[in-house]
Amino acid sequence: MRLSVLDLVPVLQGADASEALRQAVLLAQAAERLGYHRYWAAEHHDMPGLACTAPEVLLAHIGAVTGRIRLGSGAVLLPHYRPIKVAETFHLLSALNPGRVDLGIGRAPGGSAHVTMALSGNFLENVSRLPESLKALADLLSGEYRVEGELVHARPIPPEAPEVWILGTNNKSASYAAEFGTGYVFGQFMSDREAGELLAAYRQDFRPSRLGAEPRAIVAIGVICADTEEEAARLTEAGAAWFRPEGEKGRIGLRRSGS
């Protein structure tokens, strides 16, 4: 089993966003040094406790100060963006860091209703068009995207394309990953569902594609480390409250997740 890190890039008490990002770099370097396989950064918007709104920018910097660990988004929230811009961005990352880049795709809003409106307008309408966006993204990454019959390329073309994953917590995300032949990441740390059921459905329905010849799965779980179970429980509760958006209740994963 390979272990990886999913980083929400929290702004902890007594720190600011610059310090949170510096700690993210140190975390990625430590993970590489300890033999972890991947470092992924999440995307969230207008959340005071989280500092990463653009994983691709952070990953470009981390790629320059690491040498082996895979770098990825956990996840780019595709309903907010045009597929060609996502493909261009991750082709550029892949050209800078050949053979090291993962493109994780999500369909969550990543923030409040108002910041979602600011980002992309009618989010529900954008989500309804996700299958079209996923097909366009697959075509762009494979060099087969056409507009009015003319090929349009997402340049620069890297020596090795990014590895594509779809992230989620339910049957819909698993079915998209199976349909488009991508890897599937189940977010156990923010779901009450059991991973086994969804992973079995994903593997059963998987269709080989340009994005993947066989199923690939990751399970993301929350991890809290402390000297005692009592201290770990206290940190868990404090962390959940700290990362929760202002005025909003619900579960949210903590800084580090294994996969």
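At 45% relative accessibility, glutamate 144 counts as partly exposed, where buried means under 20% relative accessible area, exposed over 50%, and partly exposed in between (1.4 Å probe, protein chains only). This is a predicted model, in which local features need pLDDT of at least 70 and side-chain atom pairs count only at pLDDT 80 or more, while totals for chains, interfaces and linings use all residues. Residues are numbered from 1 along each chain as its sequence is written, and side-chain values use heavy atoms, with hydrogens and water left out. Helices (H or I, at least four residues) and strands (E, at least two) are DSSP runs, numbered from the N terminus.

**Salt bridges**

- The model has 11 salt bridges, each defined as a side-chain nitrogen of Lys or Arg within 4 Å of a carboxyl oxygen of Asp or Glu.
- Arginine 210 is partly exposed, with a relative accessible area of 44%, whereas aspartate 139 counts as buried at 9% relative accessibility.
- Arginine 38 and aspartate 102 form a salt bridge in which the closest N and O atoms are 2.7 Å apart, and the pair links strand E2 (residues 38-41), which holds arginine 38, with strand E5 (residues 101-106), which holds aspartate 102, across 64 residues.
- Both arginine 38 and aspartate 102 are buried, and these two residues belong to a network of salt bridges that links Arg38, Arg70, Asp102, Glu163 and Arg216.

**Helix packing**

- The axes of helix H2 (residues 55-64) and helix H3 (residues 83-96) come within 10 Å and cross at roughly 5°, which means that H2 is roughly parallel to H3.
- Here the axes are lines fitted to C-alpha atoms, for helices over the stretch in contact, with angles running from 0 to 180 degrees between N-to-C directions; angles under 35 degrees count as roughly parallel, over 145 as roughly antiparallel, 65 to 115 as roughly perpendicular and the rest as oblique.
- Glu56, Leu59 and Ala60 in H2 meet Thr89, Phe90 and Leu93 in H3, contact meaning heavy atoms within 4.5 Å.

**Cysteines**

- The count of disulfides is zero, a disulfide being a pair of cysteine sulfur atoms within 2.5 Å.
- Cysteine 52 is buried at 4% relative accessibility, while cysteine 225 is exposed, with a relative accessible area of 67%.

**Backbone geometry**

- The peptide bond from glycine 74 to alanine 75 is cis, with omega near 15°, and alanine 75 lies in the loop between strand E3 (70-73) and strand E4 (76-77).
- A cis peptide bond also leads from arginine 155 to proline 156, with omega near 5°.
- Valine 9 has a positive phi, near 55°, and counts as buried at 0% relative accessibility.
- Glutamate 148, in the loop between E6 and E7, has a positive phi near 55° and is exposed, with a relative accessible area of 82%.
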